[in-house]
Amino acid sequence: MVNRAVTGAHYGLRDWLAQRITAVIMAVYTVILLVVLLVGQPINYGVWQDLFKQGWMRVATLLFAASLAWHAWVGVRDIIMDYIKPTGLRLSLEALVLLTIAGYLAWAIQILWR
Amino acid sequence: MRFSIYRYDPDKDSAPRMQDYEVALEPTDRMLLDALTRIKSVDDSVSYRRSCREGICGSDAMNINGKNGLACITKLADLPEHVTLRPLPGLPVIRDLIVDMTQFFKQYHSIKPYLINDEPAPERERLQSPEDRDELNGLYECILCACCSTSCPSFWWNPDKFVGPAGLLQAYRFIADTRDQATSERLDNLEDPYRLFRCHTIMNCVDVCPKNLNPTRAIGKIKDMMVKRAV
């Protein structure tokens, strides 16, 4: 294969937009969580458990975790694209990051619904 | 005033060095370029580009005390007693303060910096409404001095793939032009993780532009148009 600089993958807009939308979702969730924690004082194990027994809290937290996962994937891939030049190493690292993020997301689901 | 100037001749020197010059300025010396002219009269081996000496040609862009700017419109009165001059960062040095701009202009050419309109030219000129013309303000004034692109880390890491702030500002100049008919092709050409989306909005370009232009805003408008096209 000749060593030429190639561009023109024709993607990027969706990831850029997703990173902004997921940021908004995470910000809204953070505010909701802070309000819930401030209103529910004093927070003990029982209050915490009751909070996460409710369906809406579980779904909202899952939405937060999914947003974080997508946001982090775009961001970490950007860093890898900036600094890791060899294609093989880059692809391996990207796969590793993707698998790790998917693992964390599955773990979050397990924690929320066990 | 004391000047430390980056000296490097790749044909002779094994490594770059900094050379100090003590300059007695005359009252008529107003701009940094005037001081460089004095230095050149003492040591004619100091090399830099210059032409119009009034901020129009964009030749004498250099790194002045760590910040890119044009020597001809940088006031000596605004500089401290000790000034360090280096070539624009990130581009290969040809000699002293002169850099090889090939990569920069390659990116500029890649955005097709000319009006594309296949309709036969009218008798006199292609007209625009005053409002449409206003959109080009802050875009057409770019003099391609490369201060912005060479202050951008994304351009340092990927000069062969990332168009850079100067090229993207010019790209938006033609995307925004109502007389241009290639808007969609221009957006297609830029929709790429490297060509456009290496911009992480750190705004170094806005900070250094000697013409006070805002490439970050132009890049944002390109993204807005892509969103408008996609959703």
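**View 1. A salt bridge joins the side chains of B:Arg198 and A:Asp78.** In this predicted model, a nitrogen of B:Arg198 and an oxygen of A:Asp78 lie 2.6 Å from each other. Between chain A and chain B the count of salt bridges is 2, and across the interface of these chains there are 11 residue pairs in polar contact.

**View 2. The side of chain A that touches chain B draws on α1 (13-39) and α3 (55-83), each with at least two residues.** The helix that gives the most to this side is α3(A), which supplies 4 residues.

**View 3. Chain A and chain B meet through 17 residues of chain A and 18 residues of chain B.** The two chains bury about 1700 Å² between them, and 57% of this area is on carbon and sulfur atoms. Within chain A, the residues that lose the most area to chain B are A:Leu13, A:Trp16 and A:Asp82, which together make up 33% of what that side buries.

**View 4. B:Cys199 and B:Cys205 have sulfur atoms 6.6 Å apart.** Over all chains, the count of disulfides is 0. B:Cys199 is buried, with a relative accessible area of 13%, and B:Cys205 also counts as buried, at 6% relative accessibility.

Terms used. Residues are numbered from 1 along each chain as its sequence is written. Chains are lettered from A and ligands numbered from 1 in the order in which they are written. This is a predicted model: local features need pLDDT of at least 70, side-chain atom pairs count only at pLDDT 80 or more; totals for chains, interfaces and linings use all residues. Side-chain values use heavy atoms; hydrogens and water are left out. A disulfide is a pair of cysteine sulfur atoms within 2.5 Å. Buried means under 20% relative accessible area, exposed over 50%, partly exposed in between (1.4 Å probe, protein chains only). Contact means heavy atoms within 4.5 Å. Buried area is the accessible area (1.4 Å probe) that two parts lose on being put together, summed over both. A salt bridge is a side-chain nitrogen of Lys or Arg within 4 Å of a carboxyl oxygen of Asp or Glu. A polar contact is a pair of N or O atoms within 3.5 Å; within protein, one must be able to donate a hydrogen and the other to accept it, and residues adjacent in sequence count only if both atoms are side-chain atoms.
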